[in-house]
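Student: I would like to learn how to read strand pairing and helix packing from a model. Could we take the features one at a time, with the general idea before the particular case?

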Amino acid sequence: MVTKIDGATTCNEVERQVFETEIDMGTVHPAALEPYRVRLFVEDEIVKDAEITVGLNHRGIERIMEGLPVEKANALTEKVCGICSNGHIFNSCRAGEGALGIEIPERARYLRVLAQELERLHSHMLYLGHGSEVLNHETFAMRIFYIRESVMELLYMMGGNRVQYGISVLGGVRPRADLNLKEQQRILDVMDYIDEKVGDFAERFVSDPMVMHRIVGTGQLSQKQALDLHVTGPTLRATGYEYDYRTKMPEYEGIEFDVITQDGGDVAANILMRATEIFEATKIIRQVIRDLPKGPVVNRDWEMVDSPVYKSYIEVPRGVCYHSYGLEDGKVRHSIIRTPSMSNIGAMQESCIGHPVQDAQLAIVSCDPCFTCTDRAIQIIKL
């Protein structure tokens with residue numbers, strides 16, 4: 001802690017003249033879930049400004065991908081994030097297929113949506129669990145982590161792995177990820193279980209007066225601030241702004257779901273946002289199982305050609321994710337990845353301001369940060 005005091009002669013005068021206290025947390029701190037540095041500039045225990053810095057986990061994945069065959073590069077994108085691993089390989093395959101003009105089978109399209117929504121379920125429950133830990137409510141945390149295990153087992157069933165599933169491949173999905181009737185019924189049974197258990201959890205959570213007193217009004221971000229900062233995903237929708245990129249994705253055409261919004265933009269709105277989206281995800285998964293068409297799951301009938309840069313956007317659990325590919329001689333010539341947390345860092349900084357120091361970490365966590373996947377080289381272009 002650094003305190004700057006000018007010209008104080010008495011104790012009371014000292015308190016009045018403390019004009020800046022800097023609290024520096026990180027890059028490794030027990031209150032933070034990931035390695036990053038946050039500087040809180042404080043007056044009288046109230047945060048007046050905040051600054052978040054990432055940079056410890058830069059792995060240069062896009063640079064490593066350059067020169068690799070596109071299939072190998074796709075597999076490498078799963079390493080970007082341990083939570084959104086499916087979203088990254090899904091989007092990189094999508095970018096490659098767009099660059100090469102590959103049509104994927106209809107059954108593969110449904111299975112990709114299914115995997116993506118399972119990932120949304122486990123990500124949102126992870127958020128609720130970690131949020132409960134930051135609130136020091138271990139019972140809530142363990143309760144939601146236990147429910148989440150059922151989703152992790154389904155992802156293991158599809159991909160053979162709990163973290164990196166390898167479901168999407170260029171041209172569709174891996175045949176191992178195809179589902180027989182027994183596996184489809186198992187997924188439906190788990191969706192019933194999740195609806196019931198998460199419903200009970202949410203009801204208990206919002207009826208806890210101590211928890212609600214801590215989160216209502218804390219970490220508030222207005223809709224105007226969110227739009228000015230280009231915030232994305234549930235953090236944007238928690239300010240009441242109705243925007244979900246899934247409504248623009250052809251993979252979701254014909255699938256009915258509501259774009260959930262919450263008013264307030266505070267920690268409570270962010271938590272309720274994710275909890276409510278869980279029920280929309282189970283609704284989407286039921287439709288996918290019900291309408292799953294028969295047929296092949298991968299198209300191998302395509303040729304490698306050179307292509308200019310092709311851009312692909314999808315909605316992952318934290319917001320809009322961007323991948324791009326330029327291909328030459330079957331290898332990656334260009335690749336850029338932008339994760340949603342990159343767009344949401346501004347929201348994390350702003351949501352701390354005006355709140356007591358002890359609520360700053362809660363405000364940051366409420367924006368669902370994933371700094372490890374965000375840690376990449378960026379170029380600032382002056383317009």
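Student: Which residue is the bridge partner of S312 in strand 8?

Tutor: Strands of a sheet pair through backbone hydrogen bonds, either parallel or antiparallel. Two strands are taken to pair if DSSP finds at least two bridges between them, and strands (E, at least two residues) and helices (H or I, at least four) are DSSP runs numbered from the N terminus. In this predicted model, the partner of S312 in strand 8 is H323, and H323 in turn has I337 as its bridge partner in strand 9.

Student: What should I keep in mind about the numbering and the values before going on?

Tutor: Residues are numbered from 1 along each chain as its sequence is written, and side-chain values use heavy atoms, with hydrogens and water left out. Because this is a predicted model, local features need pLDDT of at least 70 and side-chain atom pairs count only at pLDDT 80 or more, while totals for chains, interfaces and linings use all residues.

Student: In what order do the three strands lie in the open sheet?

Tutor: The order is 7-8-9, with antiparallel pairing. Strand 7 (307-316) and strand 9 (331-338) stand at the edges with a single partner strand each, so one side of each has no neighbour in the sheet. Neighbouring strands are turned by 15° against each other on average, direction ignored; such angles are taken between axes, which are lines fitted to C-alpha atoms, for helices over the stretch in contact, and in general they run from 0 to 180 degrees between N-to-C directions.

Student: Which strands does helix 4 touch?

Tutor: Contact means heavy atoms within 4.5 Å. Helix 4 (residues 85-100) packs on the sheet and touches strand 7, strand 8 and strand 9, its direction making about 145° with that of strand 7. Helix 3 (residues 70-77) lies across strand 8 and strand 9, running at about 160° to strand 8.

Student: At what angle do the axes of helix 7 and helix 11 cross?

Tutor: Angles under 35 degrees count as roughly parallel, over 145 as roughly antiparallel, 65 to 115 as roughly perpendicular and the rest as oblique. The axes of helix 7 (residues 181-206) and helix 11 (residues 267-291) come within 10 Å and cross at roughly 160°, which makes the two helices roughly antiparallel. Their crossing is left-handed, a term for a near helix turned anticlockwise from the far one by less than a right angle, whereas clockwise would be right-handed. The contact includes I187, L188 and M191 of helix 7 and I271, L272 and I278 of helix 11. Its residues divide into 13 nonpolar, three polar and three charged, where Ala, Val, Leu, Ile, Met, Phe, Trp, Tyr, Cys and Pro count as nonpolar, Asp, Glu, Lys and Arg as charged, and the others, Gly among them, as polar.

Student: Is the crossing of helix 12 and helix 13 left-handed or right-handed?

Tutor: The crossing of helix 12 and helix 13 is right-handed. Helix 12 (residues 340-352) and helix 13 (residues 357-365) pack at about 155°, with axes 8 Å apart, and are therefore roughly antiparallel. Here M348, S351 and C352 of helix 12 meet A360, A363 and I364 of helix 13, a contact of five nonpolar residues, one polar and no charged.
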